[in-house]
Amino acid sequence: MNKSLKKSLLIFVLGAFVLTGFFAFKAKNDKLFAIAKNIDIFATLIRELDSYYVDDIDPDALVTIGINAMLEELDPYTTYVPEEDSDDYRMMTTGEYAGIGALIGNRGEGSMVIMPYTGFPAQTVGLKIADYILKIDTTDVTSLGTADVSTLLKGPANTPVHLQVKRDMDTLEFDIVRKKIAIKNVPYYGKLDEHTGYIKLAEFTTNASTEVRNALVDLKSQGIDRLVLDVRDNPGGLVNEAVEIINLFIPKGKEVVKTIGKLENVNYTYKTTKTPVDKDIPMVVLLNEHSASASEIVAGTLQDYDRAVLIGRKSFGKGLVQTTVPLTYNAQMKVTTAKYYIPSGRCIQAIDYLQSRESNELVTVPDSLRKVFYTKNGRKVLDGAGIEPDKKMEQKSYAPISYSLVARNHVFDYGTKYFYEHAKIDDPSSFSISDADYDGFVKWLVGKEYDYTTYLEKSVEDMRKNAEKVDYYEEIKAQIDLLEKRVNHSKEQDLVTNKEEIKEILSQEIVSRYYFQEGMIQAGLQGDEDVMLAKEYLKEPAKIKTILTASSK
């Protein structure tokens, strides 16, 4: 190549670099200008509204509405956290706050204690489920919303708070010292039988992995040699806690999850860094449609390594990574910066958040658009729709009368009544109300409102509405009237027909009065079809092995 040609080529390459840099610089500056211009327009608009609008405006409220509306155009998880909500946000992400340690709710007459957490101030001073809160210090809270009552109960650790509550016909006073409250990630663990351990993982806040490790070690010391890990209804949380939990069951140095985004500093590969507690113990993971984010990382990674059999229902599909960005005036923004990818290479994100929201529904990706990936043993798994279980279970359905009795607080109120009439009950795993007690519940219901529509009645209603639109409705009206009369339900008969189901619901509610959250979970395991199937599978190692091989697909 002659010198002239080399010189021309060098000039061309340099020119290309210069032009590329120029256009990149120009594009970046154009975007910065557009951002600055629109911020200026927005600020000017707020100022002019405040000056000219016919009524007074609240700038804080108006700007918050505007910010939230803007973020809704992106995805469901990029959110604005104003300064006044920062404490609640901190509790959601860390599980920690300072207060009395009780769940507060509303049951029609005001705010009441729904669940005192075991070992925390509310429970240790003697607050009970169904105690109505009348005063907090000198503030009458009977007309306040639950959120306001909850705020008044919180405060700096080691500060006193005085409560006046109504319990049945009595008014009681309690002096409580607020403490730092760390909500348990593992609210319950125990043995399902002599060989099978069970761990309920409800959150992924700080120390989740430590709690799971401690539970696993304790269960192994009690002789278990197989395990059920339950992440049903777990909304997720801290990814590093998910990584540490997986590390309890798979060897050191294995990839757990990758985060991939637009910025280089959010791209990261999480790997196990420690020797596992037990890399061979047969496992079943329970999940459902409310298992999200970190729950899906745990379930999906264990599935990708063929380390556990998954039982339940398809998970939520939340594979987006959020980063908290500080804003001025102590506000914050939780912004989506990356996506999660588990070892097979699949992304667990199931929601197509770019679709139109006119119907207020999030659209899932159709199977035809999903990609195939493979587990360590060569089993096929798909992306784009959360984590699918190896054994799918149907969601348990309840009779309309059961829903009505719970929704109208009759189950809750009867649980309270039973508690004050019985000093003690059996262990949560064996307690069930007697037939005589159930008959007492039926008599107690007399005169109370709990009307409802059965599925069959709803079908007849829909049929009548459709029939009214046709010309020959008058000809078939008498037949529909007769059918309606035949299917009209008898509440008394429904109480007999659904007796066992209602007894189970009542028993779990009653258990909560004596054994709190831990007892409710333990009582709920009795008759849990997912748990029963998990036990059945774990008793047959050959069945587990078959499921975890490629030939099973």
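**Figure 1. Isoleucine 245 is a buried residue of this predicted model.** The relative accessible area of isoleucine 245 is 0%, and the residue therefore counts as buried, for which the cut-off is under 20%. Isoleucine 245 sits in helix 7, which covers residues 239–247. Leaving aside residues up to four places away in sequence, isoleucine 245 touches Leu201, Phe204, Ala208, Ser209, Val212 and Val298. One of these partners, Ala208, is 37 residues from isoleucine 245 in sequence, with a C-alpha to C-alpha distance of 7.9 Å.

**Figure 2. Helix 11 packs against helix 15 at an angle of about 90 degrees.** Helix 11 spans residues 435–445 and helix 15 spans residues 499–524. Their axes are 11 Å apart. An angle from 65 to 115 degrees counts as roughly perpendicular, and helix 11 and helix 15 are therefore described in that way. On the helix 11 side, the contact is made by Asp435, Tyr438 and Phe441. Helix 15 contributes Lys499, Ile502, Lys503 and Leu506. Sorted by class, this contact of helix 11 with helix 15 holds 4 nonpolar and 3 charged residues, with no polar residues.

**Figure 3. Helix 9 crosses helix 15 at roughly 25 degrees.** Helix 9 is formed by residues 400–407, and its axis comes within 10 Å of the axis of helix 15. Angles under 35 degrees count as roughly parallel, so helix 9 is roughly parallel to helix 15. The crossing of the two helices is right-handed. From helix 9, the residues in contact are Ile401, Ser402, Leu405 and Val406. They meet Glu501, Ile502 and Ile505 of helix 15. By class, the contact of helix 9 with helix 15 comprises 5 nonpolar residues, 1 polar residue and 1 charged residue. Ile502 of helix 15 takes part in this contact with helix 9 and also in the contact with helix 11.

Figure 4. The protein has 553 residues, of which 41% count as buried. Among contacts with a separation of 6 or more, 68% are between residues 24 or more positions apart. The accessible surface of the protein comes to about 30,800 Å². Carbon and sulfur atoms account for 55% of that surface.

Conventions
Residues numbered from 1 in each chain as written. Predicted model: local features only at pLDDT ≥ 70, side-chain atom pairs only at ≥ 80, totals over all residues. Heavy atoms only, no water. Axes fitted to C-alpha atoms, helices over the stretch in contact; angles between N-to-C directions. Helix = DSSP H or I, 4+ residues; strand = E, 2+ residues; numbered from the N terminus. Parallel < 35°, antiparallel > 145°, perpendicular 65-115°, else oblique. Contact = heavy atoms within 4.5 Å. Nonpolar A, V, L, I, M, F, W, Y, C, P; charged D, E, K, R; others polar. Buried < 20%, exposed > 50% of the residue type's maximum accessible area, 1.4 Å probe, protein only. Areas by Shrake-Rupley, 256 points an atom, 1.4 Å probe, with all protein chains shown as cover. Left-handed = near helix turned anticlockwise from the far one by under 90°.
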